[in-house]
Amino acid sequence: MKKTIVSKEYQNLQKDIIALQENWKKSINPDSINPELDKAAMSAGVPAAALTSINFEISLFLQWIEEINVLLSKNNPELEPKLAGVITLLNEETVIRWIDEAFSFNSVYFASFAQENGLDEWIPQFLAETALRPYLQLTAEKIQHEVTHAIPGAGCPVCGEPARLAVLEDEGKKVMTCPRCLARWHAKRIECAHCGNDDHNSIQFITIEGDSSNQIQVCEKCTGYIKVIDTRQYLSKPSASMLDLNSIHLDFVAQEQGYQAVGEIKQTY
Ligand SMILES: [Zn+2]
Ligand SMILES: [Zn+2]
């Protein structure tokens, strides 16, 4: 089996984007992020970033959008004319809307924004999400010490991204990690992140031949899966976003076998 199905070009572009985001994060004033953590809301599964007041700097956001556009156009010159007009569509009100809708994964909003403005459908949400992440990552850094566990099915306790990646650390300890905001939280070795099922009979591990450090944990109860990466042998530990990118072949295998990134409890009538 081929280890990586996505093209090298795609991976390189993603790596460049992650590098940009790491840089952008440094230009955010940490004081612009003020968590107002509410334990009751968090234990009901409300992502902590939704309980955080973030003072977005509109000019920074616009500058980042420009930088993504330059990178995308350099990577694929055909995109240049498609991206050229985007920045002129963004006034303060639109930027705030983009941030809100990207945070809550509102792809319906972005699809209609694209349609109204004659853009390719993927462009608005991709740009908004890419420029939102440094804020989410800094938020996660600020509140990481408060984040101990997640509510099954609620996704990342910081940003709400569906849980999909765990790493095995020393002594095989399983740590869930979010490729979107890079938050980390503990989880039981045998436990479905989607439905909380911890019955070892209905949690299985799919392994891939010749790939001993990666596993797919699947749950027969909700048909959800997560990827489990054993990073103990790694000399340097890549970020969660890089691990997610480098293990995309596992997503293909899991989905081919009928498992889903977001589990669903089967209805029994
Ligand atoms: Zn997250
Ligand atoms: Zn499950």
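Strand β3 (residues 165-168) and strand β4 (residues 174-177) run antiparallel and are joined by 3 bridges. Strands here are DSSP runs of E with at least two residues, helices are runs of H or I with at least four, and both are numbered from the N terminus. Two strands count as paired if DSSP finds at least two bridges between them. This is a predicted model, in which local features need pLDDT of at least 70 and side-chain atom pairs count only at pLDDT 80 or more, while totals for chains, interfaces and linings use all residues. Residues are numbered from 1 along each chain as its sequence is written, and chains are lettered from A and ligands numbered from 1 in the order in which they are written.

On its other listed pairing, β4 is joined by 3 bridges to strand β5 (residues 184-186), and these two run antiparallel.

| Hairpin | Residues between strands | Residue with positive phi |
|---|---|---|
| β3 and β4 | 5 residues | E171, about 55° |
| β4 and β5 | 6 residues | L182, near 70° |

Which residue of β4 stands opposite A166? That is M176. For V175, the bridge partner in β5 is H186.

The loop between β4 and β5 also holds A183. Is A183 buried or exposed? A183 is buried, because 26 C-beta neighbours lie inside 10 Å. The cut-offs are 20 or more other C-beta atoms within 10 Å for buried and 12 or fewer for exposed, with partly exposed in between and C-beta atoms placed from the backbone. Leaving aside residues up to four places away in sequence, A183 touches A140, Q144, V147, C156, P157, V158 and C178. Contact means C-beta atoms, placed from the backbone, within 7 Å.

Now for the domains. An automatic or database assignment sets the bounds, giving domain 1 (8-146) and domain 2 (165-256). Their centres, taken over C-alpha atoms, are 25 Å apart. The contact takes 9 residues from domain 1 and 8 residues from domain 2. On the domain 1 side, α1 (8-26) and α7 (123-143) each supply at least two residues, and α7 gives the most, with 5 residues.

Stepping back, the chain has 9 helices and 8 strands. Its C-alpha trace spans about 55 × 50 × 45 Å along the principal axes. Buried residues make up 32% of the 269 residues. Of the contacts between residues at least 6 apart in sequence, 62% join residues at least 24 apart.

Terms used: Two residues are in contact if their C-beta atoms, placed from the backbone, lie within 7 Å.
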